[in-house]
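Here is a short report on one protein model. Look at the structure first, then read on.

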Amino acid sequence: MSTTPPTGPWAGADFQEPPRTPGGVALCGACRAAGSCRLGVERERLDEDGSARFELSCPRDQEGGPDVAHGGWTAAVLDDCLGHLPLLHRVLSVTAELTVSFVKPVPVQRPLEVRAWVEKREGRRWYIAGEMVLLPTRAVLARVSGIWVTRDRGHFARHKEWLAGQDDEAR
């Protein structure tokens with residue numbers, strides 16, 4: 001699967017479109033190198049009402065129990081999908097808080113959908129909720145809510161500086 005060619009180092013710059021798969025999925029750094037979403041997200045789109053929908057399936061290598069997704073995969077993919085909602089609105093953000101309710105075990109290698117919507121915005125904070133459903137029945141498997149904070153240009157530089165200080169203290 002090929003990706004849209006990147007226009008530059010988008011993660012630390014002013015907003016630029018991230019590299020995307022043919023299904024429109026924005027790729028993070030590790031997934032960009034792999035050329036596809038390693039979490040199994042195949043398509044993403046912004047709906048007219050401002051919510052987002054994601055088509056996905058849990059890869060077999062994320063199995064926790066027999067034919068069931070690992071809970072860590074469920075949390076990670078929900079974090080990723082909800083975090084893509086600001087991105088689809090052309091806003092870079094980072095997760096500040098995430099709460100996941102595991103309703104039913106998530107089957108591996110079955111079609112799933114995540115829907116995400118903004119509950120409210122306050123300044124730089126996006127309060128986002130969503131749910132994961134099994135297709136085609138739309139049985140709810142998980143519910144999620146969280147807070148994303150608009151990311152400024154210096155975010156990763158500050159992190160790098162902080163981490164260097166941690167390394168200095170460890171010596």
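## A buried charge and its partner

Glu113 counts as buried, because its relative accessibility is 9%. This is a predicted model. The side chain of Glu113 meets that of Arg138 in a salt bridge, with 2.5 Å from N to O. Arg138 counts as partly exposed, at 40% relative accessibility.

Where do Arg138 and Glu113 lie? Arg138 is in the loop between β7 and β8, and Glu113 is in strand β6. The two are 25 residues apart in sequence, so the pair ties together separate parts of the chain. Both residues also belong to a network of salt bridges, which links Arg45, Asp47, Arg53, Glu113 and Arg138.

## Other salt bridges

How many salt bridges are there? The count comes to 10. Side chains of opposite charge can pair when their charged atoms come close.

Arg60 and Glu63 form one of these bridges, with their closest N and O atoms 2.9 Å apart. Arg60 is partly exposed, with a relative accessible area of 37%. Glu63 is partly exposed as well, at 34% relative accessibility. Another bridge joins the side chains of Lys120 and Glu122, at 3.2 Å from N to O. Lys120 is partly exposed, with a relative accessible area of 41%. Glu122 counts as partly exposed at 40%.

Glu44 sits in strand β1, which covers residues 41–46. Is Glu44 buried or exposed? Glu44 is buried, with a relative accessible area of 8%.

The side chain of Glu44 makes a polar contact of 2.6 Å with the side chain of His84. Beyond its neighbours within four places in sequence, Glu44 is in contact with several residues, including Arg20, Arg53, Phe54, His84 and Leu88.

## The largest nonpolar core

The largest nonpolar core has 32 residues. Which of them touch the most other members? They are Phe54, Leu56, Trp73 and Met132. The elements that give two or more residues to this core are β2 (52–56), α2 (71–88), β6 (112–122), β7 (125–134) and β8 (139–150). Helix α2 gives the largest share, seven residues.

Take Leu56 as an example. Leaving aside neighbours within four places in sequence, Leu56 is in contact with residues that include Trp73, Val77, Leu112, Val114 and Met132. Glu113 is also in contact with Leu56.

## Cysteines without a disulfide

A disulfide is a covalent bond between the sulfur atoms of two cysteines. How many disulfides does the structure hold? The structure holds zero.

The cut-off for a disulfide is within 2.5 Å. Cys81 is in no disulfide either, and its nearest cysteine sulfur, that of Cys37, is 7.5 Å away. Cys37 is buried, with a relative accessible area of 10%. Cys81 counts as buried too, at 1% relative accessibility.

## The annotated domain

The unreviewed UniProt entry places the feature "domain: Thioesterase" at residues 68–133. In the model, this span is 27% helix and 48% strand. The C-alpha atoms at the ends of the span lie 14 Å apart.

Notes:
Residues numbered from 1 in each chain as written. Predicted model: local features only at pLDDT ≥ 70, side-chain atom pairs only at ≥ 80, totals over all residues. Heavy atoms only, no water. UniProt positions renumbered as here; feature names shortened; annotations may be inferred. Helix = DSSP H or I, 4+ residues; strand = E, 2+ residues; numbered from the N terminus. Buried < 20%, exposed > 50% of the residue type's maximum accessible area, 1.4 Å probe, protein only. Polar contact = N/O pair within 3.5 Å; in protein donor to acceptor, adjacent residues only side chain to side chain. Contact = heavy atoms within 4.5 Å. Core = buried A, V, L, I, M, F, W, Y, C linked by side-chain atoms within 4.5 Å. Salt bridge = Lys/Arg side-chain N within 4 Å of Asp/Glu carboxyl O.
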